[in-house]
2 protein chains.
Amino acid sequence: MPVIVDHARRRLDVAEIAARLIVESGLDAVTFRDIAREAGYSTSVVSHYFRNKRDLLLFVYRMVTERAVEDVKAALASGADLQTCLEALLPVNEGRRANWRIWFAFWSMTSTDEELLAEQQRRGREARQLIERVLRMTSASRRKYLTDEDLEMQSRRLLATVVGLATQGVHDPEDWPAERLRAVLLREIATL
Amino acid sequence: MPVIVDHARRRLDVAEIAARLIVESGLDAVTFRDIAREAGYSTSVVSHYFRNKRDLLLFVYRMVTERAVEDVKAALASGADLQTCLEALLPVNEGRRANWRIWFAFWSMTSTDEELLAEQQRRGREARQLIERVLRMTSASRRKYLTDEDLEMQSRRLLATVVGLATQGVHDPEDWPAERLRAVLLREIATL
């Protein structure tokens with residue numbers, strides 16, 4: 001029987017390993033050879049799935065971004081409150097800190113690559129809309145008092161807060177430990 | 001008469017040019033040769049001032065960070081209100097957008113370089129303290145009602161908001177134009 005290779009699965013496996021190596025060693029230091037060695041494939045297998053490091057970073061970016069969106073949606077679907085839904089985006093554990101590292105690596109490339117910038121803009125707008133949706137669904141009782149304009153403004157404030165908190169939390173977990181990130185977010189939510 | 005070279009001035013000139021090239025072309029693409037050509041010096045002059053690109057980035061980071069701090073202090077000294085002082089940190093013009101590009105480039109390197117991470121932590125804490133000072137000085141009438149703990153919490157909220165707004169403003173000026181960055185900050189300040 002012929003061996004059937006699940007290419008989508010393999011591509012994802014390679015991307016997972018790449019994500020870990022990017023977080024550990026930095027985007028510049030990671031080579032296709034490193035990724036192949038870690039994955040147990042030849043370098044040509046890695047090249048089969050990704051044309052170059054930029055393509056790989058774009059794929060990794062989409063992968064971690066989509067997972068983060070899924071985490072928020074899952075929290076929302078389980079009936080969690082606004083605080084819990086937004087905490088799914090904060091770097092309160094290693095996995096989420098790693099996501100932010102990938103996003104920082106991506107941001108450093110958006111100034112000179114229009115396609116990456118367009119991707120960042122699209123994802124940023126989606127994140128803002130997702131937060132607006134969470135806000136609508138978790139504040140049902142207050143919703144009748146909130147205009148659409150209010151909801152948009154509040155979602156912008158919350159997105160800014162989450163991104164700003166994450167930046168501090170990733171760089172300086174001693175001054176911004178998980179409990180503090182949660183406490184500042186809670187205080188922010190109390191003012192909506 | 002011997003030619004007296006003002007090395008501190010030259011080093012700063014080279015760093016200015018480097019900052020512009022990093023913003024225009026990305027850190028990876030910029031070489032000492034490019035910087036030397038643009039500055040009208042030989043590559044060896046640039047190497048005389050900076051051992052490598054990492055040293056150059058660290059110097060550029062400090063230069064733009066210190067200037068940003070000076071901008072806030074100048075606003076504060078001129079009697080500006082909280083909003084105006086903090087706007088000095090938002091990417092509402094080309095110069096300030098460029099600062100944020102430098103900071104993003106720096107953030108992408110902090111995961112693998114402990115000295116750069118320590119620098120980022122020190123500057124982040126200073127920024128938080130500066131905002132706390134601005135908050136104390138611009139809210140003199142309310143100050144008696146604010147405990148030190150409140151001031152710390154509010155300064156953390158404001159730092160997160162400014163960093164988050166800047167991130168969105170740099171990446172997506174269409175969805176986050178200068179007027180919107182100012183409006184969200186104003187709304188945030190109204191809730192303190």
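A residue counts as buried if 20 or more other C-beta atoms lie within 10 Å of its own, and as exposed if 12 or fewer do. Keep that in mind as you look at this predicted model, where helix α6 of chain B is mostly covered, with 10 of its 14 residues buried.

**Helix α6 of chain B**
- This helix runs over residues 94-107 and reaches 20 Å from its first C-alpha to its last, close to the 20 Å expected at 1.5 Å a residue.
- Its buried residues include Trp100(B), Trp103(B) and Trp107(B), along with Phe104(B) and Phe106(B).
- Arg96(B), Asn99(B) and Arg101(B) are also among the buried residues of α6(B).
- What covers the buried residues of α6(B)? The cover includes α1, α4, α7 and α9 of chain B, together with α6 of chain A.

**The fold of chain A**
- Chain A has 10 helices and zero strands.
- Its C-alpha trace spans about 60 × 40 × 30 Å along the principal axes.
- Of the 192 residues in chain A, 40% are buried.
- Among contacts in chain A with a separation of 6 or more, 60% join residues 24 or more positions apart.

**The nonpolar core**
- The largest nonpolar core has 105 residues.
- Those with the most contacts inside this core are Ala18, Val60 and Ile102 of chain A, and Ala18, Ile22, Val60 and Ile102 of chain B.
- Leaving aside residues up to four places away in sequence, Ala18(B) touches Val30(B), Ile35(B), Leu56(B) and Val60(B).

**How the two chains are related**
- The same surface serves both copies, as 100% of the contact residues of chain A recur in chain B.

**Where the chains meet**
- In this pair, 38 residues of chain A are in contact with 38 residues of chain B.
- On the side of chain A that touches chain B, α1, α6, α7, α9 and α10 each supply at least two residues.
- The largest share of that side, 13 residues, comes from α9(A).
- The residues on that side of chain A divide into 15 nonpolar, 15 polar and eight charged.

Methods:
Residues are numbered from 1 along each chain as its sequence is written. Chains are lettered from A and ligands numbered from 1 in the order in which they are written. This is a predicted model: local features need pLDDT of at least 70, side-chain atom pairs count only at pLDDT 80 or more; totals for chains, interfaces and linings use all residues. A nonpolar core is a set of buried Ala, Val, Leu, Ile, Met, Phe, Trp, Tyr and Cys residues joined through C-beta atoms within 7 Å. Two residues are in contact if their C-beta atoms, placed from the backbone, lie within 7 Å. Helices (H or I, at least four residues) and strands (E, at least two) are DSSP runs, numbered from the N terminus. The expected span of a helix is 1.5 Å times one less than its number of residues. Ala, Val, Leu, Ile, Met, Phe, Trp, Tyr, Cys and Pro count as nonpolar, Asp, Glu, Lys and Arg as charged, and the others, Gly among them, as polar.
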